[in-house]
Each structure stands twice: as structure tokens, then as C-alpha cells.
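Have a look at the sequence and fold first, then read on.

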Amino acid sequence: MAGSSVSGGGGRPPLFATEKPKRVLAYRVYAGTIFAGILLIWFYRATHIPARGSSSLGWRAGLGLLVAEILFGLYWVLTLSVRWNPVRRTTFKDRLSERYDDDQLPGVDIFVCTADPALEPPMLVISTVLSVMAYDYPPEKLNIYLSDDAGSAVTFYALHEASEFAKHWIPFCKNYKVEPRSPAAYFAEGATPHDACSPQELLRMKELYKDLTDRVNSVVHSGKIPEVPECNHRGSSEWNEMITSGDHPSIVQILIDRNKRKAVDVDGNALPKLVYMSREKRPQEQHHFKAGSLNALIRVSSVISNSPVILNVDCDMYSNNSESIRDALCFFLDEEQGQDIGFVQYPQNFDNVVHNDIYGNPINVVNELDNPCLDGWGGMCYYGTGCFHRRETLSGQIYSKDYKEDWDRGVGIAENADELEETSKSLVTCTYEHNTPWGIEKGVRYGCPLEDVITGLQIQCRGWRSVYYNPARKGFLGMAPTSLGQILVQHKRWSEGFLQISLSNYSPFLLGHGKIKLGLQMGYSVCGFWALNSFPTFYYVIIPSLCFLSGVSVFPEITSPWCIPFIYVVVASYSWSLMESLQCGDTAVEWWNAQRMWLMRRTTSYLLAAIDTIGGMLGVSESGFELTVKVDESQALERYKKGKMEFGPISGMFVIITTIALFNLVCLVVGLGRALLREGTAGLGPLFLQAVLCVAIVVINAPVYEALFIRRDSGSLPYFVTLVSLCFVSSLCLQAI
């Protein structure tokens, strides 16, 4: 490593170090050669467009390919930002412990959000809650808040039961240094006992967790809370038969209150504060989804605990590293380097991804290469989960050099729990935010599907830096989607949100002009223009194949020197990409699967996102190409483990995928046959690169052909999708006649 930055304030050793990898020079040399190749391709295309009178298809195809290759090249320039300037962060927790006693550490408020007990089972939610309650951190400084947007009595019951189980689970974790501290994840991994933990103690804890699971799942299935004294927490009176998920009053309940003597675990140690919150929801009022929930939590926590540091996690993303808080504080509390750090973002990782995942879910390259480069430009983006914020950054605070953080805030709050609950309820009514800066200049931003990204960008534009930290032991683990439909719909929503930001006044190039570095503006735009890059991709998988079927050449002949830049750019780019994936821990199969998903997302999710966004700006209704995922989860999971793609329900996205796969298969077979019959192998010379492109598209779509012609399970492609795709293929082929 080179370029280490390890200075400390006032002669004190730093709490974290920043280093630059040595391999940056190699990438810059490689990127220079790719750029030269791109310029040569542009020059060739601009000077070799067929004459308009020679071939109508050839002229139109050549002009379209010129536009497509210019767009590809410009997008590639944007991607330089996520390779050009990487940094690596290292924390020194031992120095943090030497410098700060436990009673000197700042308080931390932890937000967990859930919205639907049917989609987010209560046991999943409380396992995440228990994992963050058990952090290796003074419990007196921890405050955990669960936001339940559904206002579910079942979720409240599950949290109440978890608060009792926590009295056993937290000391067990700390006494035996358990990792991970989500009981669901820990026992699923086999739960081998620590040297100091007897098998009997482990078995006892496992039985306690099984009892908890059985009780909660029984209530989930029946929908009825047991009428026994231990289940009748005072908060249960908040619910009645009139309450629904979309129509209910404000509910705030402090389940574990440190001001009471009984708030201790079985070893007599203090427990973290635990709060349940459900903001008021009425059918006639806008509630702003997760962004509204987070803003409500910010206000409620400011009354109950008001800690200077806030961590928010999704309910399906549990803590996998009990020292994550201390790692984050190494950045915030560094006297010289940490004063302007607004938030610390951990990477997203998943614990349900199988080896050689068919959907290319492992995101090691993003975590190991892309994100460190954003960090190098001074502004890792906010993911919306696994992120530690200074409270002030979420309150609209603008950074200035004379800013001084009050790390002791919240320490003296000791009001009666009943009074705190009543005060908090008034802060989460439907009308509280009316005519206020909340959701605009204060809190999490409203009005965009990607409220987290735009919120992080606003924080950076106020002068704050953000850092990215990727420890050896992953900080958080979540659940990746395991069906093609779920992935495509998820990426459509993301790419649509990114494009809306890029085409609005909140574009990184507009909002960030003069406020954040150009490299960071470009880094945001890599995702921002996912959707627009779908147009040249879609053109490239259709038009060259159509011309191949017609015998019209649109690339240089294999014997021409102009063939060299095309071959070099493609071979070098994919070879470098494969090398990066292997270095980051992926397998070659996972890399290949990721290339397939890259193509599928660009020709479906991103394409439809671009159409819907542009249509919305023009006042045209959306495409309607959405997908309702209705599959047998157990069967789908088994197929996923076997490496089979899950199609299942009828979807416009699947029609696009199937049409591209079938069309290129027809073009390859018929086009190759026609070329060989006319002139033999010599006839392939002018069409060689088109034939290679067509072969690549056919090979990468092998799982589609399997779902079309071989599989007969419920996850295969429906006959209706096949029929519609064949109609489109026939129509396209007629253009070549």
C-alpha cells in the first residue's frame, strides 16, 4: 500500500488510517489503452457509414451504431471514477479504548424499520433487533428503536417477547464472545460452543430461542395475542379491532426503560433501552414510506435519548460484527481527521447467496473496488442501511470549520417513561410535518424512490464528508433476492430513482457543482445513467444480429486493420473485468453469471425505467411492465440452490428476455446457414464480428433456452410468454427479408 495518511491531532496517534493501493497505476495504463481503442472505433464508425443509397438497412444500422458506440464510450468515461482513486481505511479500536473510558463514549441510537409483518416476518425482525442490542458497547449508551409502519399488534408482541429473551441472550453473547449475535443466524450456522461455554449452557440457550420462536410463530399464524398476564404489557391496550395497517393512531412504547431497576439482564447488568414506535397513518395523508418512518424516528429519539450518533438498519440486515460501533467511532472521534465526517457507510453483504449464484448476487467487486473509489473522492453514497450518521447531519446542519460536536448530548435525559411516550406521540402524527422543513431540508428527503441516495448527496453538498468502511468481518448481512422477477423489479425501481435524480435539480452535476469533487459527481452518475445506457445496449443486441441475418456487414472485415480496436476493447475489457472479479473472491462462474444479469437488467429493468421516467416527464402513463412475484417459495429456493433461473409468472420483462434470446438464436442459425451456402467460409469474413456477437448472446442466454425447451417445472417460462416472443421474433425477421 502507498500514500498512507496516519497523522493524529495534537501528537496523539490517529484512530484510523487511509491508504492508497499500489495497483492504481496499472489500471490507469490499461484505461489509457482502452480510451485509445474507443477513439479509433469512433473514428472508424464516423468515416465508414455506408452510403445512403447502397443499403437502407446498412446505412441506418451504421448510423445507429455510431450513436450507440458514442454513448457506450461516454458512459465508460463515467466509470473511470469508480476505479481511478481508491482508498482503504483501517481503524485502531485499541487506541479508542485507551483514549475513552466506557462512560466517555457517546450514546448511539439504532433504528430498525419494518412495514409489513407478512413480507417481513416478526422473527426476522426481532432477530435483527437482538443482534444490535448485543453490540460490544456499554448498554447504558445504546438505544434501540423499532419503527413498525403496519402498527401490528403481532410485531409489538414479538418485540415484547424479544425484550424478555434479551435478558438471557445479551449476557450469553458477551460472556462467550458469540458471533454473529443474531440468534437466527447463530443457531442456523450450527452454534458450536465457545471453549468457556458448556454444551449444557448452549443447549439451554438454544431451547430458550426455540421457545421464543414457537410462541411468536404461533401468534403470527393465529393472529391472536395470548390472554395471559405475562403477555399483557401495558402497551397492548393501544390496539383495538378498528386499527389497520393503513389507518391507526400514533403508538410509542418504551419496553425496556433503564430508569427502572428491573431493566437488567440475568447477570444484573444494564440492558439497552428498547422502544417500539408506530407513527400515525390515515388513508387521506401521505406517509412517505421508509423516509417518513426514519424522520419520525429521528424526532422520537431526540426526545427519548437524543444520542449524537444514529445507526439505521433494514429489518432483514442483522449485525454480523459486534464491534461495528467502535469501528465507526474511530472515524467520528479522530481529533484531526474526523471533524467533518458526516456518516460512515458499511457495505451490503448477503448470507443467503449460494456458491456460483445464478443471479450474480455476490457484489464483491462493488464492495472491494467501486465503493473505495467513491470514498477516495470524499463521498461514499448513503445506502439506506448499515450506516452511522451524526445526528446533526440528518437535522440539516451545514458543516463549518468552527463546528464542535457535543458528544455528551442525551446523557442527562431521565424523564418518566409515560411522559416521554406521550410527548413522542405528538411528534409522529400525520399532520406534524405540514409546513415544516422535514423531508426537504431536514431529515431524510421525500419525493424520490431513492430517498437514501439523495439524502446522502445533500449531506455531502452541505460540506460533510462520508467514509466507507469494509472490515474483514462483515458488519451487516442481509437477504438477497433469489428469483429473477424480484431482481428485475428491484433494479427497475433503483434505476428509475437514479434517473429521476439525474434529470432533476438534484443531479450530482447541478446540486454538487462547486460543492463536491467532479470524480464524485461522475461516480453518482454511473448509477444515475444506468437506465439511459439501456438504449444502446438494446440496439446492440438486436441490430447487428438482424444485419447478420440479412447478410449486411456493420463491422470491419476480419482481415482489416480496423478490426483490431474492436477486438482489443472487447477482449481487454472483459479480461480485466474477469481478473478483478477473481481478485475480489468471485469465481469465474459467478463472473459469467453477473455478465448475463448485466445484459438482462439493461434490456428489461433499465430500459423500462428509462421509458417510464421519460414518459412521466412528458405526462405519458407508465409502461405497466411490472411483475407480481407469486411463486412457491420452497420450490423456488430449491431451484435456486440448483442453479436454475426462476421465471414462473407471466411478465413483460420475461417477454423481452425471451425475444432477445430466440431472435439471436434464429439469426445465428439462419444467418450462418445463408452465409455458408452462398459463399462458403469466405462469406463469413465481412460478417465475422457479427457472428461472434450473435454467438456470445446465444451462449449467455443458455438458462433461457433451458427454461424454454427443457424444463417443465413451475419456474420455467410460461407458454404465453413463448408465444408472444415468437410473434415479436417473426416480426423482426421479416425486416431482414
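## Cysteines

First off, keep in mind that this is a predicted model. Cys387 counts as buried, with 0% relative accessibility.

## Salt bridges

Side chains of opposite charge can pair when their charged atoms come close. In this model the count comes to 33 salt bridges. One of them joins Glu335 to Arg12, with the closest N and O atoms 3.1 Å apart. Glu335 lies in the loop between α9 (324-332) and β10 (341-345), while Arg12 is in the loop between β1 (2-5) and β2 (16-20), so this pair ties together parts 323 residues apart in sequence. Glu335 is partly exposed at 32% relative accessibility, and Arg12 is partly exposed at 40%.

Then there's Arg390 with Glu405, where the closest N and O atoms are 3.2 Å apart. Arg390 is in strand β11 (residues 387-390) and Glu405 in the loop between β11 and α11 (417-426), so the pair links parts 15 residues apart in sequence. Both Arg390 and Glu405 are buried. Glu280 and Arg282 make another salt bridge, at 3.0 Å from N to O. Here Glu280 counts as buried at 17% relative accessibility, whereas Arg282 is partly exposed at 26%. There's also a network of salt bridges that links Arg639, Glu646, Arg711 and Asp713.

## An enclosed strand

Is strand β6 (residues 251-256) enclosed by the rest of the structure or open? Six of its six residues are buried, so β6 is largely enclosed. β6 pairs with strand β7 (residues 273-278) in the antiparallel sense, over five bridges. One place to look is Val252, whose bridge partner in β7 is Met277.

## Contacts across the sequence

Lys93 belongs to helix α3 (residues 93-99) and is partly exposed, at 23% relative accessible area. Lys93 and Glu323 are 230 residues apart in sequence, yet 8.8 Å apart in space, C-alpha to C-alpha. Leaving out neighbours within four places in sequence, Lys93 is in contact with Glu323, Arg326, Asp327 and Cys330.

Glu368 is the other one to check out, in helix α10 (residues 364-376). Its relative accessible area is 26%, so Glu368 is partly exposed. Between Glu368 and Cys584 there are 216 residues of sequence separation but 6.5 Å in space, C-alpha to C-alpha. Not counting residues up to four places away in sequence, Glu368 touches Arg88, Asn470, Lys474 and Cys584.

## A nonpolar patch

Finally, what's greasy on the outside? Leu503, Phe535, Ile611, Ile614, Met617, Leu618 and Val620 form a nonpolar surface patch, with about 640 Å² of accessible area together. Helix α19 (residues 605-617) supplies the largest share of that patch, with three residues. Met617 has its place in α19 and is exposed, at 54% relative accessible area.

Methods: Residues are numbered from 1 along each chain as its sequence is written. This is a predicted model: local features need pLDDT of at least 70, side-chain atom pairs count only at pLDDT 80 or more; totals for chains, interfaces and linings use all residues. Side-chain values use heavy atoms; hydrogens and water are left out. Buried means under 20% relative accessible area, exposed over 50%, partly exposed in between (1.4 Å probe, protein chains only). Patches are made of residues with over 30% relative accessible area and no salt bridge: like charges are joined within 9 Å, nonpolar side chains (Val, Leu, Ile, Met, Phe, Trp, Tyr) within 5 Å. Accessible areas come from the Shrake-Rupley method with a 1.4 Å probe; for residues, only the protein chains shown count as cover. A salt bridge is a side-chain nitrogen of Lys or Arg within 4 Å of a carboxyl oxygen of Asp or Glu. Helices (H or I, at least four residues) and strands (E, at least two) are DSSP runs, numbered from the N terminus. Contact means heavy atoms within 4.5 Å. Two strands pair if DSSP finds at least two bridges between them.
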